[in-house]
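Visitor: I would like a close look at a single part of this model. Please take it slowly and keep to what can be seen there.

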Amino acid sequence: MNQYLLSEEELLLKNTIKDFADNTIAPRAAHHDETSEFPWENMRGLAEMGMLGLGIDEEFGGSGGTNRQTAIVVEEISRACAATATTFGAHVSLCTQFINMFGTEGQKRQFLPPLVSGEMMGAFALTEPETGSDAAAMHTTGVASGGSYVLNGSKTFITNAEEAGVLVVMSSIDRSLGARGINAMIVEKDSPGLSVNPLHGKMGIRASSTAEVVFENCSVPMENRLGDEGNGFRETMAVLNASRLTIAAQCVGIAQAAYDSALAYVQQRRAFGQRLADFQGLQWMLVDMATSIETSRLLTHKAATLMDAELPFITEVSMAKLHASRVAVECADKSVQMHGGIGYFAPTDAERFYRDAKVMEIYEGASEVQRLIIARNLISRE
Ligand SMILES: Cc1cc2nc3c(=O)[nH]c(=O)nc-3n(C[C@H](O)[C@H](O)[C@H](O)COP(=O)(O)OP(=O)(O)OC[C@H]3O[C@@H](n4cnc5c(N)ncnc54)[C@H](O)[C@@H]3O)c2cc1C
């Protein structure tokens, strides 16, 4: 974002997080990608800076702040390491924010302070092996029995599940009720009947952890339910609508990193007696990248500004995610192309950005689902 479009406070925040991203996160990004080692030190550093409390009520240890600030922070983290941004997003914008938005006073007092301080990691478990985009058709059941819900079923592709102390889990009271029969609840990791099986072999964002979570007669106290009985799907959609901003910002960060890397390379590499940067064909690629990154960033900040003003934002945030994820994939592709052969090899960041970018078009509502949401809002019903 052009610095003149940011407030003084936003600019200060941007410079602070940029410094941490450049000096602490970025130098270790290739190592994390190569080893798939969970980025604990990045998460601890972000916690110390108060970043895990972004958007969370100060009364419960959060840092407060605006959605614009969250977008600024996530873009910078993602520019340095997309896997850390994924870890951060699942922890802050999905798990912690869910409890912040729908938790009771008691739930917030118990769970928000350790999540915000980074003492405990959080996860969000919606997707199942047979239901992803069509989440309301979930098979996992949570049936009331005495003072508890008894969970049976499984969730898949759950970010942070292995490291998490708590998971926000969605289950169906009665599958015949569809979206109106779903509860969201806080499930503590050590609950009997809960097991986690790590999943390996991701194309990109390899340092983020992904796992399957299985519930076998897993008993969860009724007081852990978030919000009203049967209202969990509506709450989940509200959380996902808001967290889509985090993904859009993550996409901007990846696209920017891919562009920066390509620009630096073509200014030092020579062919046919001149710098690659002096060929008009490559200049036009750079121009297209820079222009589309700027449109992604503007759409993302527009959605954040609407959210901060408590105005309708769902169409805009879906447009931001749809557009920014495509731009991230295209910029990562162009960056590899501009690096030539070396861009195909692991030591260059370009190769990592290319693998990291693709999931942005898939998770938290695939691009086709974003189009469904946007179309529903653009076209009036008969
Ligand atoms: C690395 C990673 C991390 C993830 N982290 C989490 C997490 O922390 N928590 C969580 O709950 N989930 C998580 N997910 C799951 C993710 O949100 C889902 O993979 C995603 O929502 C798509 O669901 P699906 O994989 O079941 O695909 P499907 O729903 O089976 O879709 C397959 C394809 O069909 C398309 N499609 C589906 N329905 C329609 C339609 N009506 N019209 C047109 N096209 C359609 C989709 O867009 C997609 O292209 C993660 C996934 C990945 C890969």
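Visitor: Which residues in α6 and α9 meet each other?

Guide: This is a predicted model. On the α6 side, the residues are I254, A257, A258 and S261. In α9 they meet D349, A350, F353, D356 and A357. By class, this contact has six nonpolar residues, one polar and two charged.

Next comes the way the two helices lie. Two packed helices are described by the angle between their axes and the distance between the axes. The axes of α6 and α9, the latter spanning residues 349-357, come within 10 Å and cross at roughly 155°. An angle over 145 degrees counts as roughly antiparallel, so α6 is roughly antiparallel to α9. The crossing of α6 past α9 is left-handed.

Helix α6, residues 232-268, also packs with helix α7, residues 280-308. Here the axes come within 10 Å and the crossing angle is roughly 160°. The two helices α6 and α7 are therefore roughly antiparallel to each other. As α6 passes α7, the crossing is left-handed. From α6, the contact takes in A242, L245, A248, A249, C251, V252, A255, Q256, Y259, A262, L263 and V266. From α7, the residues include L282, L286, M289, A290, I293 and S296, with R297 and T300 also among them. The residues of this contact divide into 19 nonpolar, three polar and one charged.

Now for the setting of these helices. The chain is divided into domain 1 (3-120), domain 2 (123-233) and domain 3 (237-378). The C-alpha centres of domain 1 and domain 3 are 20 Å apart. Between these two domains, 21 residues of domain 1 are in contact with 22 residues of domain 3. On the domain 1 side, α1 (8-35), α3 (67-80) and α4 (82-102) each supply at least two residues. Helix α3 gives the most, with 10 residues. That side of domain 1 has nine nonpolar, seven polar and five charged residues.

Domain 2 and domain 3 both give residues to the shell around the ligand, so the ligand lies between them. The shell has 20 residues, and the closest are L126, G132, S133, A366 and E368. Two or more residues each come from β1 (121-125), β3 (148-159) and α10 (367-378). The shell divides into 12 nonpolar, five polar and three charged residues.

How values were computed. Residues are numbered from 1 along each chain as its sequence is written. This is a predicted model: local features need pLDDT of at least 70, side-chain atom pairs count only at pLDDT 80 or more; totals for chains, interfaces and linings use all residues. A residue is near a molecule or strand if its C-beta atom, placed from the backbone, lies within 6 Å of it. Helices (H or I, at least four residues) and strands (E, at least two) are DSSP runs, numbered from the N terminus. Ala, Val, Leu, Ile, Met, Phe, Trp, Tyr, Cys and Pro count as nonpolar, Asp, Glu, Lys and Arg as charged, and the others, Gly among them, as polar. Domain bounds come from an automatic or database domain assignment. Axes are lines fitted to C-alpha atoms, for helices over the stretch in contact, and angles run from 0 to 180 degrees between N-to-C directions. Angles under 35 degrees count as roughly parallel, over 145 as roughly antiparallel, 65 to 115 as roughly perpendicular and the rest as oblique. A crossing is left-handed if the near helix is turned anticlockwise from the far one by less than a right angle, and right-handed if clockwise. Two residues are in contact if their C-beta atoms, placed from the backbone, lie within 7 Å.
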